[in-house]
Amino acid sequence: MSFVNEGLLYALGFIAVPVMLHLLMRAKPKKLMFPALRLVQQRRLQNVRRMRLKHLSLLLLRMAVLAAIALAVARPSLPPADYSMTWTEIATLAGIVGITAAVGFGVEYAWRKSKLPQHVLSSRQTYLRSGLLAASVLLALLLVGWPYQHRLAEAMAAPRPTVDEDTPVAAVFVFDSSLSMAYTREGETRLDVAKRIANQHLAKLPSRSRVAIADNSTNEPVLFQADLSAAKNRVEGIKSTIISSPLNDRLRAALVMQEDDRSRVIAELPDTEVDDRSDGLIREVYLFTDLAQSAWAKSPGRFLQDELKRLAWLGVYVIDVGVEQPRNMALTKLRLTQECVAEGGLTTLAASLPSVGFADQDQVVELLLAAPGGELVKKDQRTVKLTDSVVPEVQFMLSGLMRRIERGQLRLVSSDPLVEDNRLDFAVRVDPAIRVLITSPREDEGDELQTGLEVLQYRASYVPQAKLEATDLSAFDVVCFVNVNGSSEKLWKKVADYVAAGGGLAVILGAEGGPAAGINSLGYNSDVAKSVLPAELVAPLNFRPAKSLDLKDTSHPLIKKFDGPGVAAELMSVDIRRYWKVKTQPDAKVIVPYADNLASPAFIERMHGQGRTVMVTTAFDLKGEWNELPRQSPAYFLMLVDQMMQYLSRRTEARVNFVAGETALVPLNREKPIKDYLLRKPSGVQLPGKIAEGAVELSISPLDERGQFGVLSAQAETPFEAGFAVNPPPEESNFTRLSTVDLDQWLGEKRYSIATSIDGLEKSVTTGRLGVEAFPTVLAMLLVAFCLEHLVANRFYQADQQA
């Protein structure tokens, strides 16, 4: 226990005053002439004993009143601990009081019924009450006091060193700078409130204090500032960002820094000044946050909790600047059916509209596209009804896209307290139509495929198999082998080199007289062919009865579009009569099997160098000998062909829309490589960079700004342009708050203090540094002692007057 005003403890000497008054002013016996001396002597002995007990009780109460006054003005404080009584202790104490009262009333009732003389009854009552009081005090000390002090002793096993209000502080201020801290209320963002409280507390720190400032927008080391003025400037410079690391990681970094600095300071102290518990500084960590779950890791571990338990000398204070019942609506989870389309093509744009506090309200979402000059022009709008139970979606269709990079924005017309999530930026890459080369022994064997590609606006060309060796394959994005006979080793080597350089190869087996005649050392099973093909051919077989494709798993990019309601079922209803039995290569992957007992491969892929090969083990024919796919489901057949060409040309993998914190991969022009580039950020900043020789894509990270990015060639003689859009993580629009239970799991129960204002923070800090203020408790004890003294004195003197 420590005292704020230790000098006033000398006032405890005044408790001797009642003792002196009691001794000096005690009543002296009077001598009276009375014949029945023996009876008087007995009564006198009883009265003296009873009066002594009453005098002693009154004396102790008066001494307690003076002692409580002295303690109260000295303002005692206790080490930080949970001084509240448990329900078991309260129940035990109440039971002792109840039993004592019941015994006292019961015995006194029995004595009254026995009609004892009044002087005998009074004496017995005095002894009984004194005995019960002593017994109840002993029982309370034994059954309640002993467990209570044992529990407190365990809680204070590692008490902090005694400090005063002038002891310097070594503090780390950790700020949550995630996007949710930009939530505005009464003209202040949550980050503004955190800064205001931090600056007010900085101004009240003792002289010679040291402060470090950190936030979760960066993983830079936590360092102490030069002085408090520099710390204040650092606080003012913190801004909310769309990219942030978990708060628990930054808190962990603050703990490591405090422990390292404490060890360093203790090591520099002379041996005579070293204290195992203190380095002469009060060490504290302050966490300013809105308690949004999105700012923390997904699952709490015990590591941080164990660290805080080990560092018992470190105080932890959580400053909650969040809003209990926030109101927000947002545009999140941007999705495009295709982020890369051919010139004049189309794509569908979709987004989610989560909301809280705006139930059953209609909101307007606008679609804006960038004009040639860069300004955004409204193209369309949708009205969406918001609900708290189901997250609605909004969709727009973009068509007639022609520019290399089409940029745009989805925007909520109405505003709310967090405007940063009321818009989504998007980009669409527009490439020339995919160039497809079709080859087969006879031209009519590739008619179905070529017709379908032309309908889909592909740039399809046909070359007979006999002329394939003389054709420049690098001029095409995808090469399709349709019923090709066994090719020469030279041709397979040429095809393998083409795929390794990044090209796409589609091998469609089928018709009689096709690959069946080419299964030899120079055909599909030659060593060169096997280096690029995903499977070896075994034999053409029949399904009796007919089988179908098994599209239960549509997670692969080639067939992902078939996961819609009824789409997969339509394809699975198509009869497959004939197929090629194959032996897949170890590094090949079956995309779609047949629905037979063996799950025979239907579509197989294999990576080779920077390209890929897809093999189809049934035919694409209109005769219906092998299957009914082009005849029974022509629309889905075209959809399947489109997705296969997109996948082989890597258009399905093209991404130009990213979430903050991800890494953007920008494909480079292999035909016209560039060495230097400029990265243009949404803020207008341009950063130069170099590209490694032979690189096929450019990696850009971190994506720490929202909006439209541009990548330009730094050489005028080699033009290059690419772009992409970056949006905040959708979790930033989730205002679900950490509960006390959650914080206990992260930091440990009763290991931290939480405050919501500067007054609450100052109170928590005072308690953490100096201990629990015992003034209210001592004042309550003073009041109780004074009331008991008044009650006992009145009864005592009233009894004397009646006598």
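Which residues form a nonpolar patch on the surface? The first close-up takes that up, and the other views of this predicted model follow.

**View 1. A nonpolar patch out on the surface, formed by Met85, Trp87, Ile90, Leu93 and Val97.** Together these five side chains' residues have about 510 Å² of accessible area. Look for Trp87 in helix α3, which covers residues 87-113. Is Trp87 buried or exposed? With a relative accessible area of 74%, Trp87 is exposed, because the cut-off for that label is over 50%.

**View 2. The largest nonpolar core, 41 residues in all.** If you want a way in, start with the residues that have the most contacts inside this core: Val436, Leu449, Leu453, Phe603, Phe620, Met644 and Met645. Helix α14, residues 634-648, gives the most to the core, with 7 residues. As a bit of background, nonpolar side chains in soluble globular proteins tend to be buried together.

**View 3. Zooming in on Val436 and what it touches.** Setting aside residues up to four places away in sequence, Val436 touches Leu453, Tyr458, Arg459, Ala460, Ser461, Phe476, Val478, Cys480 and Met645. Two of these names, Leu453 and Met645, also turn up with Val436 in the list of residues with the most contacts inside the largest nonpolar core.

**View 4. Gln646, a glutamine in helix α14.** Where does Gln646 stand, buried or exposed? Gln646 counts as buried, since its relative accessibility is 7% and the cut-off is under 20%. Once neighbours within four places in sequence are left aside, Gln646 is in contact with Gln338, Cys340, Ile434, Tyr458, Arg651 and Thr652.

**View 5. The hairpin of β30 and β31.** Strand β30 (residues 676-680) and strand β31 (residues 686-690) run antiparallel and are joined by 5 bridges.

**View 6. Stepping back to the protein chain, with its 17 helices and 36 strands.** Of the 803 residues here, 45% are buried. Take the contacts between residues at least 6 apart in sequence: 75% of them join residues at least 24 apart. The chain's accessible surface comes to about 41400 Å², and carbon and sulfur atoms account for 56% of that surface.

Technical notes: Residues are numbered from 1 along each chain as its sequence is written. This is a predicted model: local features need pLDDT of at least 70, side-chain atom pairs count only at pLDDT 80 or more; totals for chains, interfaces and linings use all residues. Side-chain values use heavy atoms; hydrogens and water are left out. A nonpolar core is a set of buried Ala, Val, Leu, Ile, Met, Phe, Trp, Tyr and Cys residues joined through side-chain atoms within 4.5 Å. Buried means under 20% relative accessible area, exposed over 50%, partly exposed in between (1.4 Å probe, protein chains only). Helices (H or I, at least four residues) and strands (E, at least two) are DSSP runs, numbered from the N terminus. Contact means heavy atoms within 4.5 Å. Patches are made of residues with over 30% relative accessible area and no salt bridge: like charges are joined within 9 Å, nonpolar side chains (Val, Leu, Ile, Met, Phe, Trp, Tyr) within 5 Å. Accessible areas come from the Shrake-Rupley method with a 1.4 Å probe; for residues, only the protein chains shown count as cover. A salt bridge is a side-chain nitrogen of Lys or Arg within 4 Å of a carboxyl oxygen of Asp or Glu. Two strands pair if DSSP finds at least two bridges between them.
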